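Q: Could we go through this structure together, starting with the ligand site and then turning to the backbone?

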Amino acid sequence: MPPVPISPVRVGHIDDVQELRKTKPRTIPERFIRDMMERPTLTTTPLSPTPCHMPIVDFSKLSKGNEEEVLVELFHLATACENWGFFQVINHEVDLNLLESIENLSREFFMLPLEEKQKYPMAPGTVQGYGQAFVFSEDQKLDWCNMFALGIEPQYVRNPNLWPKRPERFSETVEVYSGEIRKLCYNLLSYIALGLGLKGDVFEKMFGVSVQAIRMNYYPPCSRPDLVLGLSPHSDGSALTVLQQAKGGPVGLQILKDNTWVPVQPIPNALVINIGDTIEVLTNGKYRSVEHRAVAHEEKDRLSIVTFFAPSYEVELGPMPEFVDENHPCNYRRYNHGEYSKHYVTNKLQGKKTLDFAKIQTKNTN
Ligand code: OGA
Ligand code: NI
């Protein structure tokens, strides 16, 4: 979330989804109704004949296990990253009370009166504050979601005017939570590096002063979840993303695996981790950032708290030499990560399209 100066964008009228639910619970305005091809499948179990479940990584085996446990778990982690781009991490050593606090406070924030939330407005074309991110035109379809996002680190990405005064302790809890999640990200990145046969500190060194942002997504219930999307399909522009699904919520996150949308069953107290575009580029596509989306639910609301962890905007990125050889031609060009971030936040979410920015288009040899 770079503090990019953005030219004025006309986004048209954007309904606040929670307010819509309050006043017109049966109405789905046209702008939320997806084209046929985009409408979701709403099963809560995978459709494929062999039910597939997102891999689970036991963090405590990596951090405290004996030599053999570490090796086995590194292998799990590496396979999860390569085959899924997603995994759920259990025993992650982030204080469970803190997870509960951030969840409660986020929910309290979304339950505040609209006027209170609108004290922290997301300006059109920007991605911090309360509102709908990634809307850039008047005819673009809207997500069935209210969002609140903040840049966290380094300090210069912060907009202090957007840090809420209510609920009490919201801002300080975001601070403590983000510190803990940051530690988890560094640890996971070091295990990911080891699993790739690299030195443990390679990403930490390469990333410089990492950029971190948080986004709370609140998905109100929807009388016609078959017509809308909670969040449009996208890959994350980060290196790693950490997603906390609030307790008791319905299944809502879906990932595109082998061309099928696979729902992610929440595991209590686990965190969902996914590989972002940065790691895809660095590994020359060995680990890929997987497309995902969220769907709405007819009766239940859903809350997620998402941390994006990325390199410093100053860093130049491109495939690491370890992943390029005769059999693995270089698929991505080198680019400045700040430029990529700017590109990401100034385009609508559209599957993996944003990564075309970095792709070397293979020539058609016909
Ligand atoms: C995101 C995201 C999914 C969810 O915020 O990037 O993918 O379940 N969220 O909220
Ligand atoms: Ni995402």
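A: The discussion below takes the ligand first, then the backbone, and then some individual residues.

Q: Before that, what are the ground rules for the numbers?
A: This is a predicted model, in which local features need pLDDT of at least 70 and side-chain atom pairs count only at pLDDT 80 or more, while totals for chains, interfaces and linings use all residues. Residues are numbered from 1 along each chain as its sequence is written, chains are lettered from A and ligands numbered from 1 in the order in which they are written, and side-chain values use heavy atoms, with hydrogens and water left out.

Q: How many residues surround ligand 1, and which are the closest?
A: Ligand 1 is surrounded by 13 residues, and the closest are Arg215, Tyr219, His292, Arg302 and Ser304. A residue is near a molecule or strand if one of its heavy atoms lies within 4 Å of it.

Q: Which polar side-chain atom lies 2.9 Å from an oxygen atom of ligand 1?
A: That atom belongs to His292.

Q: What share of ligand 1 does the protein bury?
A: The protein buries 99% of the 290 Å² that ligand 1 exposes when taken alone. The areas come from the Shrake-Rupley method with a 1.4 Å probe; for residues, only the protein chains shown count as cover.

Q: And which elements give two or more residues to the shell around ligand 1?
A: They are β5 (211–219), β6 (231–234) and β12 (302–310). Strand β12 gives the most, with four residues. Helices (H or I, at least four residues) and strands (E, at least two) are DSSP runs, numbered from the N terminus.

Q: What is the make-up of that shell by class?
A: The shell around ligand 1 has six nonpolar, four polar and three charged residues. Here Ala, Val, Leu, Ile, Met, Phe, Trp, Tyr, Cys and Pro count as nonpolar, Asp, Glu, Lys and Arg as charged, and the others, Gly among them, as polar.

Q: Ser304 was on the list of closest residues. Is Ser304 buried or exposed?
A: Ser304, in strand β12, is buried because its relative accessible area is 1%. Buried means under 20% relative accessible area, exposed over 50%, and partly exposed in between (1.4 Å probe, protein chains only). The C-alpha atoms of Ser304 and Leu243 are separated by 6.7 Å, although the two residues are 61 residues apart along the chain.

Q: Changing topic to the backbone: which peptide bond is cis with omega near -10°?
A: The bond from Glu153 to Pro154 is cis with that omega value. The bond from Arg166 to Pro167 is also cis, with omega near -5°. Pro154 is found in the loop between β4 (146–153) and α6 (170–195), and Pro167 is found in the loop between β4 and α6 as well.

Q: What about positive phi: what is the value for Glu93?
A: Phi of Glu93 is near 70°, a positive value in a residue other than glycine. Glu93 lies in the loop between β2 (86–90) and α4 and is partly exposed, at 42% relative accessible area. Asp258, likewise not a glycine, has a positive phi near 45°. Asp258 is found in the loop between β8 (253–257) and β9 (260–263), and counts as exposed because its relative accessibility is 65%.

Q: Where is Phe136 found?
A: Phe136 is found in the loop between β3 (129–131) and β4. Phe136 is buried, with a relative accessible area of 18%. Phe136 and Asn347 are 211 residues apart in sequence and 7.2 Å apart in space, C-alpha to C-alpha.

Technical notes: A polar contact is a pair of N or O atoms within 3.5 Å; within protein, one must be able to donate a hydrogen and the other to accept it, and residues adjacent in sequence count only if both atoms are side-chain atoms.
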